[in-house]
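Try each task before you read its solution.

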Amino acid sequence: MDIDAWVWWLIVAVGLGIPLVLTAMPEFGMFSVGAVAGAVTAALGFGIVPQVLVFVAVSVALIAVVRPLAARHRGDGPGLSSGVDALKGRQAVVLERIDATGGGRIKLAGEVWSARALDAGQTFEPGEQVDVVEIDGATAVIM
């Protein structure tokens, strides 16, 4: 029994689809699509060399284009900060004087926080805009 070349390509495509499902590696899917392109080339009556060239070209093109796009969207995007991490870098308003003798209070994100200066020599007067550098326990460190 003589099987046409395009059938062999489809068998290869299914064979490459199995590891895709088992390992969740998208590269197998890209090779599988390349095999389907090889099957189409065979069905159109082209010889083995064009079939293999189409398989390689489609597979490499998909890997070169799709992999970087998938990697970019997989989780490399900006993370959302929550809790005290979300307060770092925000601006606040001084409510009570903050100087070297002790901390004061600031209004940060609608709440009143105890605060101290990053540099012990700095003084901040009520009404001043300050930047929150970090949160140390229940105290905002400002500059």
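Buried means under 20% relative accessible area, exposed means over 50%, and partly exposed is in between (1.4 Å probe, protein chains only). The model is predicted, so local features need pLDDT of at least 70 and side-chain atom pairs pLDDT 80 or more, while totals for chains, interfaces and linings use all residues. Residues are numbered from 1 along each chain as its sequence is written, and side-chain values use heavy atoms, without hydrogens and water.

**Exercise 1.** Work out which residues of α1 are buried and how they are arranged around the axis.

*Solution.* First, list the buried ones: W9, A13, L16 and G17. They cover an arc of only 110° around the axis, so they are on the same side of α1 (the arc is that of the directions from the helix axis to the C-beta atoms). Here's the general idea: an α-helix has 3.6 residues a turn, so residues three or four places apart point the same way. Now look at the face turned away from the buried side of α1: V14, V21 and L22 are exposed there. Finally, ask what covers the buried residues of α1: the cover includes α2 and α3 (48-73), judged by contact (heavy atoms within 4.5 Å).

Key:
Helix = DSSP H or I, 4+ residues; strand = E, 2+ residues; numbered from the N terminus.
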